[in-house]
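Good morning, colleagues. Please look at the model on the screen while I go through two of its regions.

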Amino acid sequence: MLDPKLLRESPDLVRAAIAKKHLDADLDNVLALDTAWRSLLTEVEQLRAKQKSANTAMAALPKGSPEFIAKVQEMKAVASAVKEKEVQLKDTETRWHEALLSLPNLPHATVPEGRTPEDNQAIAEHGMPFTGPASAVPHWEIAGFDRLFDFPRGAKVTGAGFPFFIGDGARLVRALLNFFLTENAKAGYTEVSPPIFVNAASATATGQLPDKEGQMYETHDKLYAVPTAEVPLTNFYRDEILDEAALPVCRCAYTPCFRREAGSYGKDVRGLNRVHQFDKVELLKWVHPETSYDELEKLRGDAESLLQKLELPYRVLLMCGGDLGFAQAKKYDLEVWAAGQKRWLEVSSCSNFEGFQARRAQIRFRSSETGKPEIVHTLNGSGLAVPRVLAALLENNLQPDGRVKLPAALVSHFGGEYLSFN
RNA sequence: GGUGGGGUGGCAGAGUGGUCUAUCGCGGCGGUCUUGAAAACCGCUGAACCGCAAGGUUCCGGGGGUUCGAAUCCCUCCCCCACCGCCA
């Protein structure tokens, strides 16, 4: 959510910023509702003040006296006026709030102009050009792939996009998660194991609701299976005021992630590229607003170091305004090179949300300067998503003997140097 | 799932229809005293919104209702605790 005061005082600035994201936003509607709300609020408050002073006077009068009875009669009109205005106020407030929730976050000044993914800026590359095995094939074409990654049986048991991981496949998933969590702990992130279902209030705070409920799995009890650990992690401090001295708070969490991915199709969804349930470790920070862009660079560095230790070639994209997403102010994507598919796969997305989520979630800190609560900034990034990292490892490291040689960093976690499809 | 007890400011805990502007205490901050500290004493100490300001209004788990007036009465939902049932 945007700061209503910013919107009220600098609507043109907000309008220009939203235009950079190439999103539609009915600012005039929000502003009109804001004005109407404030005027109704004043009316209601004046009527209430009248009630309160009458109340004080009546408390001093004898209960059945003529003066008392006259006062009751007089105040009946005020009471009904209050009731009527309060309904209007509440209604206007609800519509104003909904309209505010529909406004996207504003992009940071350093976000490049652009409309489509082609306009994103590749700002760094590592390990390229990659000279992998000449025989590299897409991972789903590797001999024996189905023995370790069983999609048909997953489809039978649950549905398309819910694969089984078997033997070395399952072991490698566990090794990767263990590697990610261990490295992130070394980098200063406290490990958390959160609930993997969240309520509507939590999904609203991080921006999944309203409007994006179709992308999540919803239970009979109106709980949502988490699309990312970002949701339960961020909501940990919902409606709380933190100690300024405690900032930044850095945490990481492994969860399975559930995405309905309605509308996806084509080559994107082959093999491990895009599934409905996948494992991911998420990095999350609550920071002082003054430091949030420095923290974004550190976050990106932490995610990058994981790829470097895995010896995977990758590039860093700075997302343009049009490809930024609803809630982000600035975002970097990390993409690994998959030598078999000869394409980039996104394995991490590192974003600064500034106060957008924190304002929805009412996560604040007490400023030592003013003594007043202020909104924190939140950042998060994957560190990392398992299936696509796995896909790249399979494609890039396949040996002539049909085994996959694992990077040194994984060997102790995996318990061996090679993954075998037999 | 069943029965019972609860949800009041950072904590604790009064208040059961009208100066509630929510008591008292603890904690915290400041001051007096002190070489310094402790103790004692004094003062201050929740959040949100509207307003240029003066000031005003709201918040006693959430929502709704009754009333001239609700922390207090009614309805409903949520959550917590205890015991029982079930159970990895």
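Leu390 belongs to helix α12; helices (H or I, at least four residues) and strands (E, at least two) are DSSP runs numbered from the N terminus. The model is predicted, and local features need pLDDT of at least 70, side-chain atom pairs count only at pLDDT 80 or more, while totals for chains, interfaces and linings use all residues. Residues are numbered from 1 along each chain as its sequence is written, and chains are lettered from A and ligands numbered from 1 in the order in which they are written.

Is Leu390 buried or exposed? Leu390 is buried, with 26 other C-beta atoms within 10 Å. The term buried requires 20 or more other C-beta atoms within 10 Å of the residue's own, exposed 12 or fewer, and partly exposed a count in between, with C-beta atoms placed from the backbone.

Leaving aside neighbours within four places in sequence, Leu390 is in contact (C-beta atoms, placed from the backbone, within 7 Å) with Leu172, Val173, Leu176 and Leu272. Between Leu390 and Asn273 the C-alpha to C-alpha distance is 9.7 Å, although 117 residues separate them in sequence.

For helix α12 (residues 386-396), 11 of the 11 residues are buried, so the helix is largely enclosed by the rest of the structure. Its cover includes α7 (168-186), β9 (277-287), β11 (330-338), β12 (343-352), β15 (377-385) and β16 (404-405).

I turn now to the RNA. RNA strand B is surrounded by 20 residues (C-beta atom, placed from the backbone, within 6 Å of the strand); the closest are Arg48, Ala49, Ala59, Met75 and Ala79. Helix α3 gives the largest share of this surface, 13 residues.

Methods
Two residues are in contact if their C-beta atoms, placed from the backbone, lie within 7 Å.
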